[in-house]
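Below are some notes on the structure you sent over. They are set out as numbered points, so that each can be checked against the coordinates.

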Amino acid sequence: RNAMCGIIGYVGTRDAAPILLNGLTRLEYRGYDSAGVAVIHGGQVQVRRAVGELMDLARLGNKYFNDEAPWSSLKTDRARCASTLNTTVQLLAALAVLMEPFLPFSAEKLWRMLNAPGSLRDLRWQDIPGYRLPDNHPLGKREILFGKIEDPVIEAQVAKLGKDTAN
């Protein structure tokens, strides 16, 4: 099994976060199979897997959207509905930027669905806090970002992996 992993490291006494973030943004190759950060904090090695954190953020956004139920507030409180939709769209734009190094094709697809201006590759993680799509921004064509994978397909892939590891 071939896998590519982007690795950035830093040893020193300065704040490591901006150095590591800058290093990650400088990686030329896009589409790694894995990426993450390991740091020593309080004598312990702490590992954060970037894709796992990204999926957690997406789940939180989905929960926010479902909890706010804009389909209901549309009838009773249009300002709240608009706020919920705007917050969700801004989160989706941030997710597109965050996922671009790991899932470049899906990130680009999401960027097109948002009808976001410019190239997604021109934005970096540190740009996210200041990046906003304008109010009343028209969205592009919506489509399924990740299709459901049925159990028989998963089982076939697991079986195939078992055969590959036996060789």
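1. A cut-off first: a residue is called buried under 20% relative accessible area, exposed over 50%, and partly exposed in between. Lys63, at 48% relative accessibility, therefore counts as partly exposed. Please keep in mind that this is a predicted model.

2. Overall layout. The chain has 6 helices and 2 strands, and from the N terminus its elements run α-β-β-α-α-α-α-α. Of its 167 residues, 25% count as buried. The accessible surface comes to about 12,200 Å², and carbon and sulfur atoms account for 56% of that. Among contacts between residues at least 6 apart in sequence, 50% join residues at least 24 apart.

3. Lys63 and its partner. The side chain of Lys63 meets that of Asp67 in a salt bridge, 2.5 Å from N to O. Both residues lie in helix H2 (residues 50-68), 4 residues apart, about one turn of the helix. In an α-helix there are 3.6 residues a turn, so residues three or four places apart point the same way. Asp67 is partly exposed, with a relative accessible area of 49%.

4. From H2 to H4. Glu68 forms a salt bridge with Arg80, with the closest N and O atoms 3.1 Å apart. This pair links distant parts of the chain, since Glu68 is in helix H2 and Arg80 in helix H4, 12 residues apart. Glu68 is partly exposed at 23% relative accessibility, and Arg80 is partly exposed at 38%. The count for the model is 5 salt bridges.

5. Helix H4. Does the length of this helix agree or disagree with its residue count? At 1.5 Å a residue, the 22 residues of H4 (residues 78-99) should span 32 Å, and the end C-alpha atoms are 31 Å apart, which agrees. Its buried residues include Cys81, Thr84, Thr88, Val89 and Gln90. Gln90 has a relative accessible area of 12%, so this residue counts as buried. Leaving aside neighbours within four places in sequence, Gln90 is in contact with Tyr131, Arg132 and Leu133.

6. Helix H5. This helix is mostly covered, with 7 of its 10 residues buried: Pro104, Ser106, Ala107, Lys109, Leu110, Trp111 and Met113. What covers these buried residues includes H4. After H5 comes Asn115, whose phi is positive, near 55°.

7. The Trp111 pair. The whole structure holds 2 aromatic pairs. One of them is Trp111 with Tyr131, a tilted pair with 5.7 Å centre to centre and 35° between the planes. Trp111 lies in helix H5 (residues 104-113) and Tyr131 in the loop between H5 and helix H6 (151-166), so the pair ties together parts that are 20 residues apart in sequence. Both partners count as buried, Trp111 at 2% relative accessibility and Tyr131 at 18%.

8. The side chains of Lys109 and Glu143 meet in a salt bridge, 3.8 Å from N to O. Here too distant parts of the chain are linked: Glu143 is in the loop between H5 and H6, and Lys109 is in helix H5, 34 residues apart. Glu143 counts as partly exposed at 40% relative accessibility, whereas Lys109 is among the buried residues of H5.

9. A nonpolar patch. Ile149, Val153, Ile154 and Val158 make a nonpolar surface patch of about 350 Å². Ile154 lies in helix H6 and is partly exposed, with a relative accessible area of 39%.

Definitions and conventions: Residues numbered from 1 in each chain as written. Predicted model: local features only at pLDDT ≥ 70, side-chain atom pairs only at ≥ 80, totals over all residues. Heavy atoms only, no water. Expected span 1.5 Å × (residues − 1). Buried < 20%, exposed > 50% of the residue type's maximum accessible area, 1.4 Å probe, protein only. Contact = heavy atoms within 4.5 Å. Areas by Shrake-Rupley, 256 points an atom, 1.4 Å probe, with all protein chains shown as cover. Phe/Tyr/Trp six-rings, centres within 6.5 Å; stacked < 30°, edge-to-face > 60°. Patch = residues over 30% accessible without salt bridge, like charges linked within 9 Å, V, L, I, M, F, W, Y side chains within 5 Å. Salt bridge = Lys/Arg side-chain N within 4 Å of Asp/Glu carboxyl O.
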